[in-house]
Amino acid sequence: MRNSEVLIIGGGVIGLSIAREMHKIGAGRITIIERGSIGREASFAAAGMLAPNAETDKIDDFYNFCAESNRLYPDFAAALLDETGIDIELDRSGTLYLAFTGDDSIELKKRFDWQTSAGLAVEHLNTRETLTAEPFISPNVRESLFFPNDWQVENRKLLEALRKYSEINGIRIREGTEIREILTAGEKVIGAASDSEKFLAGTTIIATGAWTSLIKIGEMPVSVKVKPIRGQMISFHPREKLFKRVIYSSRGYLVPRADGRILAGSTVEDVGFDKSTTETGVSALRCVASEIAPCLAGMTISDKWAGLRPYADDGLPVIGEIAGFKNLIISTGHYRNGILLAPFTAKIVAERNTGFLRRSLSGPPAIAGG
Ligand SMILES: Cc1cc2nc3c(=O)[nH]c(=O)nc-3n(C[C@H](O)[C@H](O)[C@H](O)COP(=O)(O)OP(=O)(O)OC[C@H]3O[C@@H](n4cnc5c(N)ncnc54)[C@H](O)[C@@H]3O)c2cc1C
């Protein structure tokens with residue numbers, strides 16, 4: 001039986017970021033329990049885009065949550081570099097959103113008009129301007145929008161940095177240990193248990209991503225419903241650097257990394273806990289990549305992988321206390337935006353007396369701040 005002040009179940013970007021933030025505000029004896037290896041699930045599979053604006057058509061709690069987390073990234077990246085020596089490659093070159101069809105142009109115009117009137121930063125580029133900005137884009141492009149505040153980060157370096165932060169600062173990490181049950185004593189949560197061990201804790205935090213609904217609280221399944229949504233990705237590694245920034249279309253995206261790789265993503269598939277890549281998925285991604293940049297049509301695919309996004313009932317994150325249980329916090333359901341939302345999620349969980357956690361979660365999942 002092991003005692004901790006804070007027990008975090010799940011070592012993805014959410015669990016690791018919470019551990020760091022908890023340590024910063026002075027929590028002692030923090031333990032992270034991870035079923036497999038730290039940072040090898042959705043957080044590893046992600047494309048690392050920090051894109052609050054490119055797909056936004058309204059300002060609501062979710063947009064504000066995304067935008068606030070994005071604003072934290074420059075300081076988050078600088079602090080992690082200082083703390084761990086690892087550069088998480090925050091790239092602030094912006095994102096280009098392309099239109100190839102009449103429907104794409106209608107969507108972009110609507111977004112441009114609305115975002116401009118809402119005071120958000122967005123620029124319109126015609127074909128010539130788009131091709132000047134990114135010469136390897138297809139000449140079939142009709143126009144594009146440039147979002148200067150949509151960035152990217154190398155999520156695998158981010159995971160490395162967060163892990164190193166834990167190691168340097170005495171946060172205990174236990175890998176290869178699957179938590180089955182949250183332990184209760186009356187209304188109070190006192191820790192969690194695997195098949196063979198108990199981990200007692202003052203505060204227990206569930207950050208188990210797509211697997212959250214498999215955990216039990218006592219005899220009952222956890223009341224928050226989360227399901228896995230598979231995303232497949234491919235990458236290319238051309239000899240020269242082809243793109244300067246993230247490039248989107250309504251059918252997919254390209255993310256150029258500092259090491260020369262270009263990631264192309266991603267599928268959105270409701271297929272259970274199946275993390276395999278498929279021929280259909282890979283060829284759909286090849287099509288998206290070729291539409292954006294014909295030079296990728298014949299290029300060798302250097303890697304392919306898939307991950308499981310945590311999708312809660314309404315697609316919004318679920319962050320808060322679970323009604324009826326003291327000392328238990330849940331932080332899951334970050335779906336397509338967990339990398340973007342990690343720094344702010346960690347803050348609102350660690351500083352849990354803020355308004356963001358005032359509402360406890362009983363029935364339907366709520367979004368932080370909502
Ligand atoms: C293909 C793809 C592309 C994406 N692109 C982006 C993007 O560009 N930008 C962005 O912001 N987001 C993106 N996302 C979404 C993002 O990756 C997720 O929202 C985020 O990684 C969720 O983090 P997490 O820590 O909750 O989940 P995970 O990284 O999956 O971590 C959860 C961890 O909990 C562990 N665990 C589960 N159950 C237990 C248990 N019972 N006991 C112990 N450990 C357990 C798991 O093994 C896992 O390591 C993408 C996702 C995918 C799949």
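In strand β20, Leu328 is the bridge partner of Thr204, and that strand is a handy place to start looking around. What you have here is a predicted model, where local features need pLDDT of at least 70, side-chain atom pairs count only at pLDDT 80 or more, and totals for chains, interfaces and linings use all residues. Residues are numbered from 1 along each chain as its sequence is written, and side-chain values use heavy atoms, with hydrogens and water left out.

**Confidence**
- The chain's mean pLDDT (the predictor's confidence in each residue, from 0 to 100) is 93, and 95% of its residues reach 70 or more.

- β20 covers residues 328–332; strands here (E, at least two residues) and helices (H or I, at least four) are DSSP runs, numbered from the N terminus.
- Five of its five residues are buried, meaning under 20% relative accessible area, with exposed over 50% and partly exposed in between (1.4 Å probe, protein chains only).
- Leu328, Ile330 and Thr332 sit on one side of β20, with Ile329 and Ser331 on the other.
- Strand β11 (residues 198–206) runs parallel to β20, joined by three bridges; two strands pair if DSSP finds at least two bridges between them.
- Strand β19 (residues 318–321) runs antiparallel to β20, with four bridges, and Glu321 has Ile329 as its bridge partner.
- β19 and β20 make a hairpin with six residues between them, and Gly324 in the turn has a positive phi of about 95°.

**A look at Thr332**
- Thr332 counts as buried because its relative accessibility is 1%.
- A polar atom of the Thr332 side chain is 3.2 Å from the backbone oxygen of Gly209; a polar contact is a pair of N or O atoms within 3.5 Å, and within protein one must be able to donate a hydrogen and the other to accept it, while residues adjacent in sequence count only if both atoms are side-chain atoms.
- Leaving aside neighbours within four places in sequence, Thr332 touches residues including Thr212, Val224 and Pro310.

**Around the ligand**
- Glu34 has a side-chain N or O atom 2.6 Å from an oxygen atom of the ligand.
- Backbone N or O atoms also lie by ligand oxygens: one of Ile339 at 3.0 Å and one of Leu340 at 2.9 Å.

Note on methods
Contact means heavy atoms within 4.5 Å.
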